[in-house]
Amino acid sequence: MSLASQDPLDGVTTRCHRILMTGAAGNLGKVLRDRLKRYADVVRVSDIADLGTAREQEEVAACDLSDPRAVHELVAGVDAIVHLGGVSVERPFEEILPANIQGTYNLYEAARRHGVRRIVFASSNHVIGYYKQGEMLDADTPPRPDGYYGVSKAFGEQLASFYFDRHGIETVALRIGSSFPEAKDRRMMVTWLGYDDLEQLIKRSIFVPDVGFTIAYGASANRDRWWDNSKAARLGFRPVESSEQFRARVESVPPLPADDPAGWYQGGAFVKAGPFGD
Ligand SMILES: NC(=O)c1ccc[n+]([C@@H]2O[C@H](COP(=O)([O-])OP(=O)(O)OC[C@H]3O[C@@H](n4cnc5c(N)ncnc54)[C@H](O)[C@@H]3O)[C@@H](O)[C@H]2O)c1
């Protein structure tokens, strides 16, 4: 077998004792809540929003990520963190700052103090949202955020890079495209990430050895691509889903008018959000 076809998870145990997932009440948190039990004896689910009562194999921990003491307690005793929590759309900077910037700092600092060695950081395509649609990017393409939200995710990536270099905490930063049940428009035909591919990416990000600080794009095996994942080859991510199943429906709707910037940039409609409070 050639090296290229070897799976980096061959011979690696894909189970640990306790995984913490922040943002567990959100869209992707709901998708992953039960799926993560395949990879840990206990999943500690956390959010600022209500999570209901603990299910089997679960611990439920309410936590505001902007509160450093609460985050410190939250992180005690975990082997790995899947960090989904925070504001997930473009909002005024005053809302982004505590949840995404202070919150991600609190999480990394708690991880350092508790000796957690691996974090999966839910970054976003909005880190590179101001590149033109059709332009091929990879993990070394400089950030070009399309709003405060994208800036906060670029901050999280840089923080993760620093915590690896300084403290050896490994991170896979996933620049997730559009992870929804369906691709709903022409942009999402390119950026769509199916939930099975999301799970594969999260699993690999937790367990593949020696990832250091890795940036990976989260898109399925869609017909058209803007993102080259070759620099994240270490993960061995092989998407198996495709947005093609949604093409007929998506293309039955007229495209955006030629003068709509949502159709020009990779970040889509996020480039039109705000300014806020004028
Ligand atoms: N769904 C996607 O397609 C997509 C694309 C790119 C990036 N992402 C990222 O993936 C993650 C999950 O996305 P999602 O679609 O599930 O988002 P979501 O908005 O549904 O979930 C985010 C969760 O974070 C929680 N949260 C917000 N502020 C918090 C705080 N201060 N303390 C604790 N929890 C807080 C919210 O209550 C919510 O449940 C987010 O970080 C998002 O930015 C998602």
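## Exercises on aromatic pairs and helix packing

The structure, which is a predicted model, holds ten aromatic pairs.

**Exercise 1.** Determine how the rings of Tyr-108 and Tyr-163 are arranged, and where in the chain the two residues lie.

*Solution.* Begin with the geometry: the ring centres of Tyr-108 and Tyr-163 are 5.4 Å apart, and their planes stand at 50°. Finally, look beyond the pair, where Tyr-108 and Tyr-163 form one aromatic cluster together with Phe-162.

**Exercise 2.** Classify the aromatic pair of Tyr-149 and Phe-270, and locate both residues.

*Solution.* The centre-to-centre distance is 5.9 Å and the angle between the planes is 55°, and the pair is tilted. Tyr-149 sits in helix α4, whereas Phe-270 lies in the segment after α7 (247–251), so that 121 residues separate them and the pair links distant parts of the chain. As for accessibility, Tyr-149 has a relative value of 6% and therefore counts as buried.

**Exercise 3.** Describe how helix α2 (residues 68–75) packs against helix α3 (residues 93–114).

*Solution.* Two packed helices are described by the angle between their axes and by the distance between those axes. For α2 and α3 the angle is about 45°, and the axes are 9 Å apart. That angle makes α2 oblique to α3, and α2 passes α3 in a right-handed crossing. The residues that meet are Pro-68, Val-71, His-72 and Val-75 from α2, and Asn-106, Leu-107, Ala-110, Ala-111, Arg-113 and His-114 from α3. Sorted by class, this contact comprises six nonpolar, three polar and one charged residues.

**Exercise 4.** List the buried residues of helix α1 (residues 27–35), and name the elements against which they pack.

*Solution.* The buried residues of α1 are Leu-28, Gly-29, Val-31, Leu-32, Arg-33 and Arg-35. Turning to their surroundings, these residues pack against the strands β1 (16–22), β2 (40–47), β3 (58–62) and β6 (170–176), and also against helix α6 (195–207).

Notes:
Residues are numbered from 1 along each chain as its sequence is written. This is a predicted model: local features need pLDDT of at least 70, side-chain atom pairs count only at pLDDT 80 or more; totals for chains, interfaces and linings use all residues. Side-chain values use heavy atoms; hydrogens and water are left out. Buried means under 20% relative accessible area, exposed over 50%, partly exposed in between (1.4 Å probe, protein chains only). Helices (H or I, at least four residues) and strands (E, at least two) are DSSP runs, numbered from the N terminus. Contact means heavy atoms within 4.5 Å. Axes are lines fitted to C-alpha atoms, for helices over the stretch in contact, and angles run from 0 to 180 degrees between N-to-C directions. Angles under 35 degrees count as roughly parallel, over 145 as roughly antiparallel, 65 to 115 as roughly perpendicular and the rest as oblique. A crossing is left-handed if the near helix is turned anticlockwise from the far one by less than a right angle, and right-handed if clockwise. Ala, Val, Leu, Ile, Met, Phe, Trp, Tyr, Cys and Pro count as nonpolar, Asp, Glu, Lys and Arg as charged, and the others, Gly among them, as polar. Rings of Phe, Tyr and Trp (its six-membered ring) pair if their centres lie within 6.5 Å; planes under 30 degrees apart count as stacked, over 60 as edge-to-face and the rest as tilted.
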